[in-house]
Amino acid sequence: MTNKFSYLMLVTVLLMSCLSCSNDSEDTTDGTDDSETVDDSDVVNVDASYFLTSDGSVTITTVPCTLSDGTETDCYQIVTGSLPSDHTMGPWCPDNIADSAEEGGIWLEGGVVYDVDGAFIENMATFYNDSNWLMYDANGDVYITDTEDDCINAANPNVGAEYENFCVECLPSYITDLTQTWTIPITPVIQANAVMFTTAGAGGGPPGAGTSAPSTRGVALNGIEFSAPAPVDNILSAYTLAPFDDAGGHINVHQGYHYHAATGFGTQIVQEDGHAALIGYALDGFGIYALEDANGDSPSDLDELRGHMDDTRGYHYHVDTAGNNNFINGLKGAYVN
């Protein structure tokens, strides 16, 4: 009788232990739910009607496409003339060190947006702790590239010494017959493994050998490229400065006008619930939204890509703060190679 009772007690203890182990495995100590993942039910299609097509600056057609994971689907092909029609461009370089902020653009450095006014140009040697900076003459006039050839040569990664201490300003008039074409899936296709971009300021390309990820982050609703981070280290090492205008954009003759930061310019789709406005789409088809909502608050639950999910917009991204020279950190979905 004693042996039978002991045996039953042992079985009871073992069963209780197993139940306890099972409960421990389902509860996480940090309050997160390990089973919570983004799936196909969290996908919202691209809405082509949000793009600025009414003035002909952007055209959109539906085309068959193959995505990076082999998915064959339909995509929107977005063609733009490489210059925005919904806001003015420039100025970029002030003419003289006495000029105000209204006569120059901005510079992105260390998470901060600086006005490129005359005082900024005058004090670059102090700002960068390098006495080689002297971007103006005895009259205070700033050295500025003033021809298309100068723009091209000064923007070359191997810029010649003759362009040192020049403010590089490429003008819209240099863009006369340039179009850009972007192809994005109408219905985003979520991937098990996201593609991460390189860090801001490091060139912005794909993250290592064997990948074919695009360096472009997305397309604004006015058709203008959300570009990879500007290579500011290369620019500054040549003792040149290539400012952005107040919209966070500048021009080169190969890309046309393109953005390196979101500063509140351009076409936006205001959200009825006060959520941050839609400003464009990433190349995987997920929406890109402004950083702050109607109350000026930024989301606190973004993943490493700068994305999160809600019931209205599904999975979507929020842009980085403008001073970080960055939009988003990677792509959650498949993209057109």
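Predicted model: local features only at pLDDT ≥ 70, side-chain atom pairs only at ≥ 80, totals over all residues.
**Sheet**

I looked up the strand order first. Three strands make an open sheet, ordered β1-β2-β6, with antiparallel pairing. The edges are β1 (58-66) and β6 (180-185), each of which pairs on one side only. On average, neighbouring strands here are turned by 30° against each other, direction ignored. I then checked the contact between β2 and β6. Strand β2 (residues 72-80) runs antiparallel to β6 and is joined to it by 6 bridges. I78 has W182 of β6 opposite it.

**Aromatic pairs**

I searched the whole structure for aromatic pairs and got 16. For Y114 and F120, the ring centres are 6.2 Å apart and the planes stand at 40°; I logged the pair as tilted because the angle falls between the 30 degrees for stacked and the 60 for edge-to-face. Y114 also pairs with F127: centres 5.0 Å apart, planes at 80°, so this pair is edge-to-face. That pair links distant parts of the chain, with Y114 in strand β4 (residues 112-115) and F127 in helix α3 (residues 124-127), 13 residues apart.

F120 has 9% relative accessibility and is buried, since the cut-off is under 20%. Y114 is partly exposed at 27%, and F127 is partly exposed at 32%. Ring pairs join these residues into a cluster of Y114, F120, F127, Y128, W133 and Y239.

**Charges over rings**

I noted two contacts of this kind. The charged end of R217 sits over the ring of F197, 3.8 Å from the ring's centre. K332 lies over the face of Y315, 6.0 Å from the ring centre.

Technical notes
Residues numbered from 1 in each chain as written. Heavy atoms only, no water. Pairing = 2+ DSSP bridges. Helix = DSSP H or I, 4+ residues; strand = E, 2+ residues; numbered from the N terminus. Axes fitted to C-alpha atoms, helices over the stretch in contact; angles between N-to-C directions. Phe/Tyr/Trp six-rings, centres within 6.5 Å; stacked < 30°, edge-to-face > 60°. Buried < 20%, exposed > 50% of the residue type's maximum accessible area, 1.4 Å probe, protein only. Lys NZ or Arg CZ within 6 Å of the ring centre and 35° of its normal.
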